[in-house]
Amino acid sequence: MPALRLVLGDQLTPSIASLADYEDGDLIVMAEVAEEVSYVPHHRKKIAFLFSAMRHFASRLEGGGKSVRYVRLDDPDNTGSLKGEMERALKAGAFDEVVVVEPGEYRLKAEFEQWADTFDVPVRMRRDDRFICTLDRFNAWAEGRKRLTMEYFYREMRRETGLLMDGDEPEGGQWNFDKDNRKALPDELTPPERAFIEPDALTREVLALVEARFPDQFGDLEAFGYAVTQEDAAAQLDWFIENGLPCFGDYQDALKQEEAFLFHSVLSLYLNCGLLDPLEVCRRAEAAYKQGQAPLNAVEGFIRQILGWREYVRGVYWRFMPDYLERNALEAKRNLPDFYWSADTDMACVRDVIITTRKHAYAHHIQRLMVTGNFALLAGVDPKAVNEWYLAVYADAYEWVEAPNTHGMALFADGGLMGTKPYAASGSYINKMSDHCKQCSYAVSKKNGPKACPFNYLYWNFLMENRDRLEGNHRLSMIYKTLDRMSDEKRAAVRDDSQRFFKRIGIEP
Ligand code: FAD
Ligand code: DLZ
């Protein structure tokens with residue numbers, strides 16, 4: 001019974017369920033297609049990373065004796081769609097079934113569900129078992145809960161995996177060491193230099209293809225240094241455990257001008273396309289703690305991101321799609337400022353994050369949440385435009401993980417499903433956690449006027465614009481009391497400064 005098996009660009013795991021029962025006579029399809037490349041304007045480094053990783057994975061499968069039909073983007077017969085490529089492969093051979101693993105985006109899952117209507121053979125869609133928590137398990141946890149608090153989900157995952165457990169108790173007597181993990185980076189501490197990888201011939205070929213096909217698209221291709229094989233991704237994990245993990249906790253929330261990576265792992269792009277396994281990564285971090293190579297606040301903080309947040313956002317996405325992305329709880333409507341693409345802004349923090357993003361198809365969590373995310377929240381930018389930007393510009397971005405983080409965590413567009421209040425902050429937060437303000441043409445100490453940091457007046461303007469929607473939130477009651485104590489003149493100045501600023505950056509007041 002020969003099967004036609006599809007492996008997507010983010011399914012590059014040798015043990016993926018679609019290949020589990022591979023037999024001689026079966027054929028594996030992998031395809032670089034225009035439809036996937038263009039549904040958002042992906043960063044050029046993201047495309048190059050994924051195509052190179054796909055090509056390396058295909059040659060690994062072939063090296064292991066499997067038959068692969070690999071369709072390149074510049075193949076003259078390329079139909080431009082996954083469906084078209086599956087139809088072409090079905091016509092070229094005799095197959096009894098199509099086997100796929102459910103994709104990481106709703107739009108594609110909905111499409112795969114339609115394939116059975118047009119293909120002459122059954123389409124078998126298998127569960128993606130590359131996560132620590134199954135969707136059934138997540139749904140069982142979520143059922144009947146008013147609020148889906150990540151911390152409680154995470155504790156159950158700790159108990160179930162035994163990670164950082166001391167019998168029935170959490171290691172160190174605490175579940176969460178977050179309060180220890182909020183230090184700014186001291187001037188004398190230099191983050192370790194990254195061990196990036198020289199592109200091989202296959203990667204260079206892909207880089208040339210992307211340069212030729214997408215000359216004007218967002219994102220630098222230069223200095224490509226990401227891993228594109230299982231082995232090199234494992235070496236990046238080794239590097240992180242030794243060099244990044246010991247300080248990961250302390251400086252997890254820090255920001256520093258022109259320091260893209262600090263002590264972060266830069267492993268999400270490998271985890272999300274299947275080059276690394278999440279449970280294995282957590283176990284490696286736990287072993288480092290047990291061997292005295294990294295402190296508990298760092299290891300717990302790191303494991304929480306993967307075992308907690310990563311699994312949790314996936315559960316949220318699949319539980320609430322497709323309605324999830326239709327929500328716009330704050331009725332935010334403004335367009336995305338052009339500087340999200342050009343980096344042409346005087347705000348030093350925003351400029352630095354966009355430049356980092358353009359260079360590396362990467363920004364760390366606090367840059368995404370508290371700089372570009374916070375700005376979009378305060379400025380009331382339409383969540384659809386913000387989601388599209390985040391999905392396009394990061395090498396680790398697939399909707400299952402991007403959307404809850406952007407729509408839910410950063411923009412509060414889900415109305416508080418994931419968080420109890422919006423992550424809104426004025427310039428003083430950025431000043432406390434970074435050195436950006438020292439190099440900015442705006443003054444963070446000024447609250448109003450042309451020299452004032454825009455985050456300062458936009459913060460109060462956001463609270464005023466959303467008063468009806470947010471003042472009932474008990475976590476914001478103190479803030480609204482402070483707002484009420486402001487003079488009418490001060491509130492008018494906040495409004496005027498914000499209107500002037502919106503106009504100047506070309507978004508609807
Ligand atoms: P580290 O800081 O080293 O963390 C370790 C790992 O934990 C990461 O590799 C990642 O797998 C996981 N992790 C950490 N935080 C989260 C989180 N909030 N949600 C899910 N996993 C997490 N992450 C993505 O993988 N893809 C995205 O498209 C994405 N979009 C985001 C958009 C916004 C607005 C925000 C606020 C966050 C987003 N994140 C996304 C989460 C997080 O910012 C990235 O996972 C992280 O910055 C990746 O860098 P790192 O590998 O160095 O992570
Ligand atoms: C992101 C991406 C891109 C840019 N190109 C391809 C591609 O040409 N072929 C492919 O199989 N996958 C690609 N991907 C990843 C898919 O978009 C991803 O598998 C779906 O969004 C589901 O998560």
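In the predicted model, domain 1 and domain 2 together bury about 2,700 Å², of which 62% lies on carbon and sulfur atoms. On the side of domain 1, the greatest losses of area to domain 2 fall on Arg44, Lys45 and Phe49, which together account for 31% of what that side buries. These two domains, spanning residues 3-126 and 135-320, belong to an assignment that also gives a domain 3 at 339-505. The centres of domain 1 and domain 2, taken over C-alpha atoms, are separated by 27 Å, and the contact between the two domains involves 33 residues of domain 1 and 36 residues of domain 2.

Polar interactions also cross this interface, where 13 residue pairs are in polar contact, with both partners at pLDDT 80 or more.

With regard to secondary structure, the side of domain 1 that touches domain 2 draws at least two residues from each of helix H2 (44-63) and helix H4 (106-118). The greatest contribution to this side comes from H2, which provides 13 residues. By residue class, the side of domain 1 that touches domain 2 is made up of 14 nonpolar, 8 polar and 11 charged residues.

Key. Residues numbered from 1 in each chain as written. Chains lettered and ligands numbered in written order. Predicted model: local features only at pLDDT ≥ 70, side-chain atom pairs only at ≥ 80, totals over all residues. Heavy atoms only, no water. Domains from an automatic or database assignment. Contact = heavy atoms within 4.5 Å. Buried area = accessible area lost by both parts, 1.4 Å probe. Polar contact = N/O pair within 3.5 Å; in protein donor to acceptor, adjacent residues only side chain to side chain. Helix = DSSP H or I, 4+ residues; strand = E, 2+ residues; numbered from the N terminus. Nonpolar A, V, L, I, M, F, W, Y, C, P; charged D, E, K, R; others polar.
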